[in-house]
Amino acid sequence: MRLVILGASGAGKGTQAKALASHFGLRHISTGDVLREEIKKDSIVCRALKRLMDRGDLIPDEIMLSIVEVILSEENNFILDGFPRTFSQALALNAICERLGAPIDAAVDIHVPDEKILQRLTGRTVCPSCTAMFHKEYFPPKVTGVCDKCGGGLIQRPDDTAETVQHRLKLYHKLTEPIADLYRRQGILISVDGTGEANQITQDLIKALEERF
Ligand code: ADP
């Protein structure tokens, strides 16, 4: 099964993508995680990428496409999280999938209002070692600042400040939101409300996907 997951930053894409990956036995490919892993290296290219990411700006399409093409050529069952993020990335993804003879089966789109996103992201902390996420109000770790899963130190992502989140939301509405229409026209879009309880959303998505396949 080949899935794409869409939604603004903080809509719960990562959480749902991990849950669906584990239920259906898919590889969870988060382009944000791939990039964050990469920029731990201290090369000039990585520092340039980090500057763009810390500002909440997008990495140029050409770079993202080369990365995704390499990953997808090695993987046939996946859920793509964070890609495509622009209309041209979506068209290019269709072209890559066509070349590989492996089309995208469904695109999940998670809706959450901007005010809620702002609350979620500015209160979020993440574990750089295992990518687990916490929230100071909604989902605090047992020990403040320490990851429940691996014991690593939690940090606020540099792009989770209020100002940068507003910028990322603006880019999302302008560049990413129109992609849903493309998948709607292809007849493979599944839209869900992302404001409810995470486990319930996962169950609804599993049901919708199982009905489809
Ligand atoms: P978010 O929580 O905002 O969804 P991600 O972890 O998916 O963030 O991505 C973090 C950053 O990585 C983005 O703000 C962007 O700089 C870069 N990035 C990730 N995926 C893409 C992509 N498909 N195209 C361009 N830039 C990307």
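Here is a quick walk through this structure, from its sheet to its helices and salt bridges. Keep in mind that the model is predicted.

Let's start with the sheet. Five strands form an open sheet in the order β2-β3-β1-β4-β7, and their pairing is parallel. Strands β2 (27-30) and β7 (189-193) sit at the edges with a single partner strand each, so one side of each has no neighbour in the sheet. On average, and ignoring direction, neighbouring strands here are turned by 20 degrees against each other.

Helix α2 (residues 31-38) lies across β2 and β3, and runs at about 65 degrees to β2. Helix α9 (residues 198-212) lies across β1, β4 (106-111) and β7, at about 160 degrees to β7.

Helix α4 (residues 61-73) is worth a stop too. Which residues of α4 are buried? M64, V68, I71 and L72 are. These residues cover an arc of only 90 degrees around the axis, which means they are on the same side of α4. The cover over the buried residues of α4 includes β2, α2, β3 and α5 (87-100).

Finally, the charges. Side chains of opposite charge can pair when their charged atoms come close. The structure holds 14 salt bridges, and the table gives some of them.

| Salt bridge | N to O distance |
|---|---|
| K41 and E38 | 2.7 Å |
| D160 and R124 | 2.8 Å |
| D160 and R168 | 2.9 Å |

What does the bridge between D160 and R124 tie together? D160 is in the loop between β6 (133-135) and α7 (162-176), while R124 is in strand β5 (residues 124-126), so the pair links parts that are 36 residues apart in sequence. Both D160 and R124 are buried, with D160 at a relative accessible area of 0%. R168 is buried as well, at 9%. A network of salt bridges links R124, R157, D159, D160 and R168.

The K41 and E38 pair has another setting: K41 is partly exposed at 46% relative accessibility, and E38 is partly exposed with a relative accessible area of 32%.

Conventions
Residues numbered from 1 in each chain as written. Predicted model: local features only at pLDDT ≥ 70, side-chain atom pairs only at ≥ 80, totals over all residues. Heavy atoms only, no water. Pairing = 2+ DSSP bridges. Helix = DSSP H or I, 4+ residues; strand = E, 2+ residues; numbered from the N terminus. Axes fitted to C-alpha atoms, helices over the stretch in contact; angles between N-to-C directions. Contact = heavy atoms within 4.5 Å. Buried < 20%, exposed > 50% of the residue type's maximum accessible area, 1.4 Å probe, protein only. Arc of directions from axis to C-beta. Salt bridge = Lys/Arg side-chain N within 4 Å of Asp/Glu carboxyl O.
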